[in-house]
Amino acid sequence: MSRKYYHTFYLFVAVCLTSLCLCLIPLATAKAQGNNATMQILGPLQPPGFSPALLTVHVDDYVSFVNQASPPATFTITSDNGHFSSPALAPNKVWTITLSSPGAYEFHDAAAPPRMISEIIVVPDAISLLPTPEPGVGATALALIESGKTPPDTVALVTPTPTSRTIQPSSSSGSSMLIRILVVVGVALLFLALLLGVILLLRRLRRRRGSPHESEEQDAKVVSPLALPAPRQHRFARLRRRKGEDEDDLEDEDDEI
Amino acid sequence: MRYNLALRALLALCALLVMAESFLIMMPARAANPYHITFSTSNFALQTLSASANDLSNSGHVLFTLQNGTQFWYSIAVQSSPAGITPTPALASDLVATTFYGAVPLLPPIGVIPFDQGTSSARYETLRLALAFSGPVQQVQLQLNPFESHAVTLDVLTLLLQLLGYKSASGQIGLLTPGGLKLLFDDASALQDLTSLVNDYTQALQSQSTSSSALTAAFACAKDVAALLTNSSEQRTLADLLWKLLGKTIPSTVMLKTVANFAGGQFSLGIEEFIMDEATLLGTMLFQQSNPLVTLQSVSNAPASQTPSPSTPTSMSSPTTLPTVSPGTISTITATPTSSLSPTPTASSTRHP
């Protein structure tokens, strides 16, 4: 009985870990897929406004607003159509949003009348956007220009950097559906495992409330009618002793927990 | 008593000698340089746009600087009297000045080429220029114009790159390639929809006084963008132009694919309201004033009564302060408006002996 609990405990932990992985891996992958873009908030000396004034991103990309205004000032950003509104952004503070629906999101500072405007255009993953070139490629091209030469047509082919996501709409929606199903399965398994764990714990507690040797006696009652030959009886007694030790270990572990 | 008289006589003698000595010292200088250079600015309403003199002591090699901290291109129109006095790059090795002070003089904005200066909080792009005066009564005026077609073309190309999702700052290094600017304008003039986009964008920026005309122009801009991206014959030219503008740092196939791909989404129409608001807001802030003007002139050192000349400092356009600079001094005049929206900037003069 005790060994059974021991195995169940390991099984319970394994199921929990597996279901957790099932939940977290797609979430982590989804987070890695979203690209980051930065929108700087500039002050009167820079001149006032958002930089870049127009930003195009993919659905679920991260857009971080960084308050780099000079002289330092606090800004609140509000979208014209009410889709988002930032808290008061103190100097050098960052506020990040993701936009999950395609469209044009115009926004402004909350001052009245607004003096700074900008727009984020959110496009589906099916539309490819211009990638950001590798720094090495840019530096190579610039070095060539500075030496009076025109960059060759193959300058970008040295290290191609297609950082933009060019996912087909069908595969994109199909994979995201599969990920969602996996997350749901993972959550369900986790709940099931936790439920099993709770039931197991309750049973254990119920047994502990009764006689500590009740289970052994019951086991003995079950086993004693069996007529075993002498060598097997010795073996059985050895097994009983080991089982008793295991049970003590498990109880110690429970106490520690 | 006698001692006192003798001392007074000695003092008078000393004073006379000092005056004579200073006169003798000044005479050769005046004879060698019979005129001096004045530098003045007007209509610099923005703190982020400025012009300053670096060295006015040598009339044959006057050094001055134009600084642009805005996000708009400015064209530079030069007028001189007599004709033919034209600024040149101060240093032959200055890639920015040699590139943009060529056939089409332009003052670059920030965030376009990787040569922005200043700190992270206040950046600007600099054009260091030199000017040679050959005699007195000469004048050179530089007018900065954000509405000139070449300047607006480059603004529109930046807008298109942003629309297509380009996020790298200072990436338009293709502008710096030898002859790259001329090639770019040649390619741009071949694109009919781009030309009409430039015209409509200029109209939008200039129509900031009435929101209805700004809306009409903005709608026309959005339609131009959609037409430009969907026209298959123009797609290839536009992709090639943008690819060269970025210094070929991304594969040309990726550029073409992005242009063609983006056209299908009809997201270009989403910029209509943005352009209208930009025109209403930035147009009012940046372009309501008259075009910024820089004036340099050579003024005779002779007294005004002896050589009355038509180019006295007071006859200039509208300088707020016009310091006269003696030979051997360096004058730095920097426009420092009190606020970013101030229509009349004040000029402060700092002299270094």
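## Stop one: two helices

Helix 4 of chain B passes helix 7 of chain B in a left-handed crossing (left-handed if the near helix is turned anticlockwise from the far one by less than a right angle, right-handed if clockwise). Helices are DSSP runs of H or I with at least four residues, strands are E runs of at least two, and both are numbered from the N terminus.

Before going on: this is a predicted model, where local features need pLDDT of at least 70 and side-chain atom pairs count only at pLDDT 80 or more, while totals for chains, interfaces and linings use all residues. Residues are numbered from 1 along each chain as its sequence is written, with chains lettered from A and ligands numbered from 1 in the order in which they are written.

Select residues 180–190 and 232–245 of chain B: these two helices pack at about 160 degrees, their axes 10 Å apart (axes are lines fitted to C-alpha atoms, for helices over the stretch in contact; angles run from 0 to 180 degrees between N-to-C directions).

## Stop two: the sheet

Now show the open sheet of five strands in chain B, ordered 1-10-9-4-6 with antiparallel pairing (strands pair if DSSP finds at least two bridges between them). At its edges, pairing on one side only, are strand 1 (35–42) and strand 6 (106–107) of chain B.

Next, pick strand 4 (residues 74–81) of chain B, which pairs with strand 6 of chain B over two bridges. Zoom in on B:S75, whose bridge partner in strand 6 of chain B is B:L106.
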